[in-house]
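Let's walk through this one together, starting with a loop and ending at the ligand. Have the model open while you read.

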Amino acid sequence: MVQYDFDGKTAVVTGAASGIGRQTALEFARHGASVVVADVDDDGAAETVDLIADDGGEAVAVHTDVTELSDIEGMVETAVDEFGSLDYAVNNAGIGGAQKPTGDLDEADWERTIDINLNGVWRSLRAEVDRMADQDDGGVIVNMASVLGHVGFQNASAYVAAKHGVLGLTKTAAWEYADDDIRVNAVCPGFIETNMLEEGGITSDEELRQQIAGRHSQNRLGDPEEIAAAVVWLCSDAASFTNGEPLTVDSGYRGI
Ligand code: NAI
């Protein structure tokens with residue numbers, strides 16, 4: 001197994017109570033980082049902290065709603081107060097949003113998805129670069145986009161628009177903060193087995209599941225571990241010349 005040296009480093013992961021965020025938090029801890037588990041789901045976040053502790057790692061949970069600037073500021077403060085620095089930040093919290101054709105979406109559907117999936121990444125990134133720019137050795141930020149940051153998907157226009165936006169934000173921030181030794185990248189997963197797909201009715205409908213799996217060259221959905229591996233690689237020194245990159249981990253997904 002590849003081993004990175006994250007000893008003495010601190011990672012913040014939003015949406016870490018479940019799915020990709022939880023696996024990413026576990027992966028950071030396995031490589032020696034202390035982890036701040038940030039989520040609106042306090043029970044799930046506490047479970048992630050317990051899993052990390054069972055594995056011999058160190059983590060704290062902090063209630064964070066990425067639509068609330070004060071929560072995000074509290075998340076960054078927790079990293080610094082508890083562990084002394086903010087070295088890695090993964091802006092992963094997200095929702096699937098309403099599944100309707102574009103013309104049937106009402107303003108509340110549209111705004112909620114954009115507010116969490118795009119504005120939430122921007123709010124988090126803003127607080128994170130502010131802190132990292134004050135540190136001698138900067139930091140690394142990874143924004144969770146999607147293969148739907150590259151291509152369209154029916155009945156998900158707000159989600160697709162938010163993920164395309166996350167890529168634009170990533171590419172721009174990478175240039176803005178490179179002189180502060182901050183790298184900013186994104187990961188664009190294909191369809192991954194998590195609660196989001198369960199709640200969206202994709203994994204619970206066998207026919208739909210097979211159809212979606214067939215859009216990936218390996219004819220399956222991905223595992224959260226396969227995305228967490230990409231995130232920690234981006235944060236490691238092995239990726240020291242990778243900046244502003246939308247790293248796609250999607251088994252060659254064929255879009256519509
Ligand atoms: P998940 O539903 O397992 O995890 C999402 C987490 O975000 C949950 O713990 C939830 O409580 C948290 N969250 C939701 N709203 C929040 C808010 N306002 N503030 C803080 N936390 C909040 O889903 P999954 O799949 O692990 O999603 C993680 C990220 O990966 C999302 O950004 C999603 O768009 C992205 N993604 C997922 C894919 C998939 O197929 N599962 C594919 C591509 C990207």
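## Two loop residues with positive phi

Start at D181, which sits in the loop between α5 and β6 (182–189). Helices here are DSSP runs of H or I with at least four residues, strands are runs of E with at least two, and both are numbered from the N terminus. D181 isn't a glycine, yet its phi is positive, at about 65°. With a relative accessibility of 48%, D181 counts as partly exposed; the classes are buried for under 20% relative accessible area, exposed for over 50%, and partly exposed in between, using a 1.4 Å probe and protein chains only.

A quick word on the ground rules: this is a predicted model, so local features need pLDDT of at least 70 and side-chain atom pairs count only at pLDDT 80 or more, while totals for chains, interfaces and linings use all residues. Residues are numbered from 1 along each chain as its sequence is written, and side-chain values use heavy atoms, with hydrogens and water left out.

Now look at N219, in the loop between α7 (206–213) and α8 (224–235). N219 is another non-glycine with a positive phi, about 55°. Its relative accessibility is 48%, so N219 counts as partly exposed.

## D223, just along the chain

The loop between α7 and α8 also holds D223. D223 is partly exposed, at 34% relative accessible area. Setting aside neighbours within four places in sequence, D223 is in contact with I192 and E193, where contact means heavy atoms within 4.5 Å. Along the chain, D223 and G190 are 33 residues apart; in space, their C-alpha atoms are 9.9 Å apart.

## Around strand β1

K9 comes in the segment before β1, and it is partly exposed with a relative accessible area of 24%. Beyond its neighbours within four places in sequence, K9 is in contact with A33, S34, D87, Y88 and D137. With D137 there's a side-chain to side-chain polar contact at 3.5 Å. (A polar contact is a pair of N or O atoms within 3.5 Å; within protein, one must be able to donate a hydrogen and the other to accept it, and residues adjacent in sequence count only if both atoms are side-chain atoms.) K9 and G32 are 23 residues apart in sequence, with 7.5 Å between their C-alpha atoms.

T10 belongs to strand β1 itself (residues 10–14). Is T10 buried or exposed? T10 is buried, with a relative accessible area of 0%. Leaving out neighbours within four places in sequence, the contacts of T10 are S34, V36, A79, F83, S85, L86, D87 and Y88.

V62 is part of strand β3 (residues 58–63). Its relative accessible area is 15%, so V62 is buried. Apart from neighbours within four places in sequence, V62 is in contact with V36, V37, A38, D39, M75 and T78. Y159 is 97 residues away from V62 along the chain, and their C-alpha atoms are separated by 26 Å.

T113 lies in helix α4 (residues 107–132), where it is buried at 2% relative accessible area. A polar atom of the T113 side chain lies 3.2 Å from the backbone oxygen of D109. Not counting residues up to four places away in sequence, T113 touches I95, G97, A98, L118, A158 and Y159.

## The ligand and its surroundings

The ligand sits in the largest pocket. A molecule sits in one if more than half of its atoms lie within 2 Å of its grid points.

There are 29 residues around the ligand, and S18, D39, Y159, I192 and T194 come nearest; being near takes a heavy atom within 4 Å. Helices α1 (19–30), α5 (157–177) and α6 (195–199) each supply at least two residues of this shell. Which of them gives the most? That's α6, with three residues.

For atom-level detail, a backbone N or O atom of V66 lies 3.0 Å from a ligand nitrogen. A polar side-chain atom of K163 lies 3.0 Å from a ligand oxygen, and a backbone N or O atom of I192 lies 2.8 Å from an oxygen atom of the ligand. Taken alone the ligand exposes 830 Å², and the protein buries 92% of that, with areas from the Shrake-Rupley method using a 1.4 Å probe (for residues, only the protein chains shown count as cover).

Methods:
On a 1 Å grid over the protein atoms alone, a cavity is a set of points where a 1.4 Å probe fits but cannot get out, and a pocket is an open set with protein on both sides within 12 Å along at least five of seven lines; lining residues have an atom within 4 Å of a point.
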